[in-house]
Amino acid sequence: MKKRQILFLLLFLFPLCLSVRAADEARCVNNACDMRIYGERADTLLDGNLRSHSKLHKGTELTVNSSELIGGLYLEFSAAPGEYTLRAGDQTRKCGQSGFLHQYIGELNCYSLTLRFQGEGILANVYVLSPGDKPEWVQDWEPCWDRTDVLLLPTHSDDDALFFGGIIPWCLDRGARVQVAYLISHSTEPYRCNELLNALWVSGLRNYPVLGIYEDLGPDESMEKQIELYAKDKVPYDDMLLRQLRLYRQFRPQVVICHDSKGEYGHGAHKLYYQLAADAMEMAGNGSVDASSAARFGVWTPSKLYVHLLRERPVVIDLDEPLRSFNYRTGYELAQKAFACHESQYDFFSWYFWGAPTAAQLQQYSAREYGLYYSAVGDDVSGRSFFDNLTLCDSPGETDAAPAEAEAPETLPEEAPEAAPAAEEESSHSAATLVNPRLGEIRAEQRRLVCGICALLAVVAALLITLHKLKIKEREQ
């Protein structure tokens, strides 16, 4: 073998060795599949389009036949059908108990299967996967937290990527548990719920959000008009307030983050969710209010409430900081990537990021800026974190004891005063060194990379030995 041939072989094998780390990852094999509902082809389920879908009725059967071995299924529902049955060969499974819109079913190892749905729903997409590790883009959601560090309250499906953009990965990078709870339902535009989940997954969230339940009345209505219209539709403000109170009690957050009192660009529903968050704080410690939820979850008052753009006791979050658990991408970069998942809203709100390559350059409604509206643990020290004076749930030595009867919160301000002086430089904070919930993923990535490098070195060593032997043979001749 000539030296030039050996060099060519080495260059050919180099990218193959680097790809060893991904060789065990499952592939989408939709192109090898025939999918039918009651015998009729269901190609719309294979096109990856959230707006094309199939309606499911009680007893609907979906069959999949593949020329490649099926290792798993990833289903994207726009309306969850409840429990359904999967049959593959001699195995039968009950699925769908979680009610999640995006569901993953693994370890199938078959060439054909049948799904039978017991309830009604809407199925947008099916991704058939080969055997192997679940790809990162496949969403395998965990249940909601029963105790959380941060309860984030976006009104609509895209608000978490805009006005709170980057906050989720920033908190996760510090080891915080994050629970997201929306106000508005998008049942009339069901694809927006799929976009919502895609964006949250990109942001690093793995615990399923609480989806909104109220109709979207549009941005043109004031908060007072929205309350009036909801009441006419038999949804009084007090009922909405009880829902908010139950969110506090169910998730027991230490920190609550809500919208600007002025609704950012003036959206009445943003103002309404802010008001609900603030009013619920005042009654959270009163066990006689909604005694049923108090008996079920205990009484709980969050330690802090942060309001977007509030000037009192300001906090500025560095969303341009590289985040270790996100491969050193910044929260702002992840916010842009998350917002791109909201395809139906992109043309309407992409202006938010225009002319701002970094979060520090955002001109309007910056996701970096908040104010400490209420605190039971004193004023913040750093002015750069939500977690001053707190110990996060997963910190060493922290226990998950049942909540005790909490005292009523201090009097909450009615209006924000003028801007306070700029915050000092961020002080050292124990939250930066807390256990990171995504470290397992990072270490798995590192192990795959090391395996790839080792494989490359082995190939290089084998080629060098072969080359050396050839030289010796040439000399002998």
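Is Trp 170 buried or exposed at its computed relative accessibility? At 1% relative accessibility, Trp 170 counts as buried, where buried means under 20% relative accessible area, exposed over 50%, and partly exposed in between (1.4 Å probe, protein chains only). This is a predicted model, in which local features need pLDDT of at least 70 and side-chain atom pairs count only at pLDDT 80 or more, while totals for chains, interfaces and linings use all residues. Residues are numbered from 1 along each chain as its sequence is written, and side-chain values use heavy atoms, with hydrogens and water left out. Helices (H or I, at least four residues) and strands (E, at least two) are DSSP runs, numbered from the N terminus.

**Aromatic pairs**

- The structure holds 27 aromatic pairs, counted when rings of Phe, Tyr and Trp (its six-membered ring) have centres within 6.5 Å, with planes under 30 degrees apart called stacked, over 60 edge-to-face and the rest tilted.
- Tyr 127 counts as buried at 16% relative accessibility, whereas Trp 137 is partly exposed at 40%.
- Trp 170 and Phe 387 form a stacked pair, with 6.1 Å between the centres and 20° between the planes.
- This second pair links distant parts of the chain, since Trp 170 is in helix 2 and Phe 387 in the loop between strand 18 and helix 10, 217 residues apart.
- Phe 387 is buried, with a relative accessible area of 0%.
- Ring pairs also link a cluster whose members include Phe 163, Tyr 265, Tyr 332, Trp 351 and Tyr 365.

**Salt bridges**

- The structure holds 16 salt bridges, each being a side-chain nitrogen of Lys or Arg within 4 Å of a carboxyl oxygen of Asp or Glu.
- One of them joins the side chains of Arg 116 and Glu 61 (3.0 Å, N to O), and this pair connects distant parts of the chain, with Arg 116 in strand 9 (residues 110-117) and Glu 61 in strand 4 (residues 61-70), 55 residues apart.
- Both partners are partly exposed, Arg 116 having a relative accessible area of 33% and Glu 61 one of 23%.
- Another salt bridge is made by the side chains of Arg 177 and Asp 394 (2.9 Å, N to O), linking the loop between helix 2 (167-173) and strand 12 (178-180) to the loop between strand 18 (369-375) and helix 10 (439-476), 217 residues apart.
- Arg 177 counts as buried at 14% relative accessibility, whereas Asp 394 counts as partly exposed at 32%.
- Asp 290 forms a salt bridge with Arg 246, the closest N and O atoms being 2.7 Å apart.
- Asp 290 lies in the loop between helix 6 (268-283) and helix 7 (291-297) and Arg 246 in helix 5, so this pair ties together parts that are 44 residues apart in sequence.
- A network of salt bridges links Asp 34, Arg 36, Arg 41 and Asp 43.

**Asp 380 and its surroundings**

- Asp 380 lies in the loop between strand 18 and helix 10 and is buried, with a relative accessible area of 19%.
- The side chain of Asp 380 makes polar contacts with the side chain of Lys 304 (2.7 Å) and with that of Tyr 306 (2.6 Å), a polar contact being a pair of N or O atoms within 3.5 Å, where within protein one must be able to donate a hydrogen and the other to accept it, and residues adjacent in sequence count only if both atoms are side-chain atoms.

**Arg 252**

- Arg 252 is found in the loop between helix 5 (237-251) and strand 13 (255-258), and its phi is near 45°, a positive value in a residue other than glycine.
- Most residues other than glycine have a negative phi.
- Arg 252 is buried, with a relative accessible area of 9%.
- Arg 252 lies over the face of Trp 300, at 5.5 Å from the ring centre, a placement that requires NZ of Lys or CZ of Arg within 6 Å of the ring centre and within 35 degrees of the ring normal.
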